[in-house]
Amino acid sequence: MRRVRGLFASLFVLAIMTVGASRSAAAPADAPVGRADAPAGQMTWAVHVSLAPTWFDPAETSGIITPFMVLYALHDAVVKPLPGSAMTPSLAESWSVSPDGLVYEFVLRKGAKFHNGDPVTADDVKFSFERYRGASAKPLKDSVAAIETPDPGRVRFRLKRAWPDFMTFYVGATGASWIVPKKYVEKVGDEGFKKAPIGAGPYRFVSFTPGVELVVEAFEQYWRKTPNVKRLVLRSIPDEATRLASLKRGEVDIAYAIRGALAEEIRRSPGLTLKPNVGQATFWVNFPDQWDPKSPWHDRRVRLAANYAIDRQAMNQADSLGFSRITWSIVPSSFEFYWQPPGYSYDPAKTRKLLTEAGYPNGFDAGDYFCDAAIAYVGEPVVNYLNSAGIRVRLRPIERVAFFRGWSEKKFKGLIQGGSGAFGNAATRIEAFVAAGGAYVYGSYADIDGLFLEQAGELDPKRREATLHRIQQLIHDKAMIAPIWLNAGLAGFGPRVEESGIGLISGYAFSAPYEDVKLKAK
């Protein structure tokens, strides 16, 4: 078997909902105390969405990046993205792959513990995989013939067939490699676990006040390093101006998602720092009714008209201060197997011509434009451009968890603003948002579906790349979507922050690893 220590190509999104505030078990009695380098102080984030208890459980990861804002604190993974590599051994100290690609074996790290003091074992790894039910669970689980635990420190996955993307899906596109304690979950149940989660991450759960904040404290026995900061608080402040005001008053140390003129205000404010971070979050407009012969969106010319109606460059300057990148794809340009599509100019005359040719010289009523409320800053200008072109739509912002649930359950009609900052590669994005059976797929095309199945079993990287490039070309040729951009997150942080953690993990949207964040010495 060949030894693997690093690898990968590159996983968007966040929320705070409703569950009674609760407390976890105290830190283990043998936790070290009184050391000179013991964690100290509190760092507080102003987050732009409502945190949801579903994000406390890796089994329910929804194919977006937001849950990882919590997972990186409370939990740890067999292998996960860390600074320097998107596939870093974590709870596993190493892994190996058989020459035929059918067996993956992980050697677990000795001494890794859950917050209740229990050791992390092979049974926990197997249990966490088997209970995973989030995004991309089906292709991942369908690939596995058996999971063996020859001893408490080793886990062996036997695949039904060689699958080049096993690690990409296991580590990047899903939450299946993030480990929970089997005995504890079986004792308290799934709902009990969300009320008082126990993980193996650098911070242990303290309390959650729905709609207000999540509080965690340093777990000093964390294997990688003792965290620098004692207490972390993730505070939900959905209003952007209020987030900025809290940052300026020193009530929070880091504020996510400050855009446009407010971001410029951070630049002008003494003691505050604006931190742009271009990750792997792409935004686009979905046309879910394109498979309905009675819908205007069934006509490719109408979908093209919408693409030419949007002035992406002007939006980028006004919203992202020019930091976002217009890449014309749902696949981030940093991902393995990315294909560069041609772009669309901003051309209102061409939009009118295409609509007239399609039989809509006076435009048409396109219904609702659904979007994540936290990303309405993208939806608002898009809706204005479409309305100006005669494609009459109404903005419908929905809180993040409810938005992604409604999208996955196919409850929305009209237009849907898509977005994902999840790790993975071109195949993982296509699986979730384009190919038949994907979590957010309303309809698909037979030629794309056939090519997607073909690439999944292709072991030659060059042939596989050619097939995935062809799929992305077909997405463009069919005008399946209206791409917006590769998002630049704009965060602000205050004078107490020495290390914000933003940008330490390549492609990741938020602060991490939390054990690396640091306050300035007094």
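Reader: Where does Ser-320 lie?

Author: In this predicted model, Ser-320 lies in helix 9, which spans residues 312–320.

Reader: Why is Ser-320 called buried?

Author: The relative accessible area of Ser-320 is 0%, and buried means under 20%, so Ser-320 is called buried.

Reader: Which residues are in contact with Ser-320, leaving aside its neighbours within four places in sequence?

Author: With those neighbours left aside, Ser-320 is in contact with Arg-259, Met-315, Trp-485 and Leu-490, where contact means heavy atoms within 4.5 Å.

Reader: What makes helix 8 largely enclosed by the rest of the structure?

Author: Helix 8 covers residues 300–308, and because seven of its nine residues are buried, helix 8 is described as largely enclosed by the rest of the structure. The buried residues are Val-302, Arg-303, Leu-304, Ala-305, Ala-306, Asn-307 and Tyr-308.

Reader: What do the buried residues of helix 8 pack against?

Author: They pack against several elements, among them helix 9, helix 10 (348–357) and helix 11 (376–388), and also against strand 14 (364–372), strand 15 (391–398) and strand 17 (481–493).

Reader: How do the ten strands of the open sheet follow one another?

Author: The ten strands form an open sheet in the order 9-10-11-2-12-17-13-16-14-15, and the pairing is mixed.

Reader: Why are strand 9 and strand 15 called edge strands?

Author: Strand 9 (203–209) and strand 15 are the edge strands, as each pairs on one side only.

Reader: How do you know that strand 14 and strand 15 pair?

Author: Pairing needs at least two bridges between two strands, and strand 14 and strand 15 have eight, in the parallel sense, so the two strands count as paired. Phe-370 stands opposite Arg-396 in strand 15.

Note on methods
Residues numbered from 1 in each chain as written. Predicted model: local features only at pLDDT ≥ 70, side-chain atom pairs only at ≥ 80, totals over all residues. Heavy atoms only, no water. Helix = DSSP H or I, 4+ residues; strand = E, 2+ residues; numbered from the N terminus. Buried < 20%, exposed > 50% of the residue type's maximum accessible area, 1.4 Å probe, protein only.
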